[in-house]
Amino acid sequence: MTTIAVLEPREVPLGGYRAITVRRTLPHIERASVGPFIFADHFGPAAPSMDVAPHPHTYLATCTWLFSGRVRHDDSAGHHLDVTPGDTVLMVAGAGIAHSEYSWPEGPDLHGVQLWLGYPTDERHAERGLHHFTTSEVAHGGVTARVFLGELEGEVGGAGSLADGPGAGAVAEDADFGASPIPAPRRALAAELRMEPGASLTVPLGREVGILVDSGSAELAVGSGSGSGTDSGADSAAATAGPAALAYSHGPVAEATITAGDDGATLVLLAGDPYGEDLLMFWNFVGEDESAVRAAREDWEDADARARRFGVVEGYPGFEGEPTRAQIDRIPSPPMPSVKLRPRRNK
């Protein structure tokens with residue numbers, strides 16, 4: 001039987017010299033990935049303080065999703081843009097890319113999530129680059145969604161499914177929340193959901209699934225007895241997550257039901273095919289073997305090799321009027337461990 005578990009977040013400083021504190025659920029000692037998602041951080045709401053100097057990535061993709069605030073993205077592939085709520089920015093590293101991320105002190109509260117996605121071995125060598133897409137809100141019943149990776153259809157019930165009259169909320173309705181044109185690995189699905197108290201969404205999947213809760217609480221349930229108000233049985237499993245926690249399935253599920261708690265919920269729905277491979281990763285470097293990971297680190301620490309492989313990030317510290325930056329031009333890699341790297345495996 002598939003089970004549902006909850007990962008509680010741990011606080012981690014992100015960004016080196018002038019770090020922002022984030023609440024991290026992936027990777028975790030209990031779980032390396034959910035679908036293709038190998039990294040999940042939740043941050044804010046807080047005064048804008050992100051200041052992450054140029055740093056590298058190899059053979060993965062990064063995605064920052066904001067509930068509020070504004071983050072400047074500059075990368076070595078020549079992309080320069082402000083990320084605001086509703087913007088999807090998926091940066092594909094390929095063999096090597098570098099980027100910086102920062103906010104402005106006078107801006108609105110900074111609040112969002114950052115996700116990393118892992119690529120299967122046969123897809124890792126895609127050319128580095130950036131995909132950008134601005135989403136639209138779509139509402140059905142008591143659920144409002146912004147789909148930023150993949151596509152989302154399902155059945156909405158609970159609060160708001162029938163606005164008036166006897167039996168309000170008792171009848172489910174089919175819901176199509178739209179799709180994102182951004183290509184992502186392993187049938188990745190990511191969507192922001194804002195759910196009224198008691199609202200539910202049942203989604204057909206055939207994939208692993210997780211919910212990263214921003215505010216309120218939500219139950220993730222799978223199986224024939226899934227969903228609040230049903231009788232639990234041998235073929236059902238459910239767990240409830242609160243702010244910054246991640247509820248996830250052990251393995252693919254045919255469908256999942258998300259039900260908001262008494263105060264409603266804002267969350268990010270994540271799903272995708274299992275990663276399916278051992279993930280060999282150190283810091284921001286993914287490699288097919290240890291020598292590849294070590295070579296990436298050596299290239300980042302050597303000025304000539306760094307410029308050839310990762311390129312140069314222009315725009316940091318950038319234009320007049322930016323906040324004062326730390327007097328560094330990049331984040332150096334931590335030293336490699338003296339022992340052999342061990343792949344990350346899901347338990």
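R70 and D82 form a salt bridge (a side-chain nitrogen of Lys or Arg within 4 Å of a carboxyl oxygen of Asp or Glu), with their closest N and O atoms 3.1 Å apart. This pair joins distant parts of the chain, as R70 sits in the loop between β6 (60-68) and β7 (71-75) and D82 in strand β8 (residues 80-83), 12 residues apart. Strands (E, at least two residues) and helices (H or I, at least four) are DSSP runs numbered from the N terminus. The model is predicted: local features need pLDDT of at least 70 and side-chain atom pairs pLDDT 80 or more, while totals for chains, interfaces and linings use all residues. Residues are numbered from 1 along each chain as its sequence is written, and side-chain values use heavy atoms, leaving out hydrogens and water.

Both partners are partly exposed, R70 with a relative accessible area of 32% and D82 with 28%. Here, buried means under 20% relative accessible area, exposed over 50%, and partly exposed in between (1.4 Å probe, protein chains only). R70 and D82 also belong to a network of salt bridges that includes R72 and D74.

Over the whole structure, the search finds 14 salt bridges. Another of them pairs R186 with E277, the closest N and O atoms being 3.5 Å apart. R186 lies in the loop between β16 and β17 and E277 in the loop between β21 and β22 (281-282), 91 residues apart. The loop between β21 and β22 also holds D278, whose partner R345 is in the segment after α2, so this pair ties together parts that are 67 residues apart in sequence. The D278–R345 salt bridge has an N to O distance of 3.1 Å; D278 is partly exposed at 40% relative accessibility, whereas R345 is exposed at 53%.

The C-alpha atoms of D329 and V313 are separated by 9.1 Å, the two residues being 16 apart along the chain.
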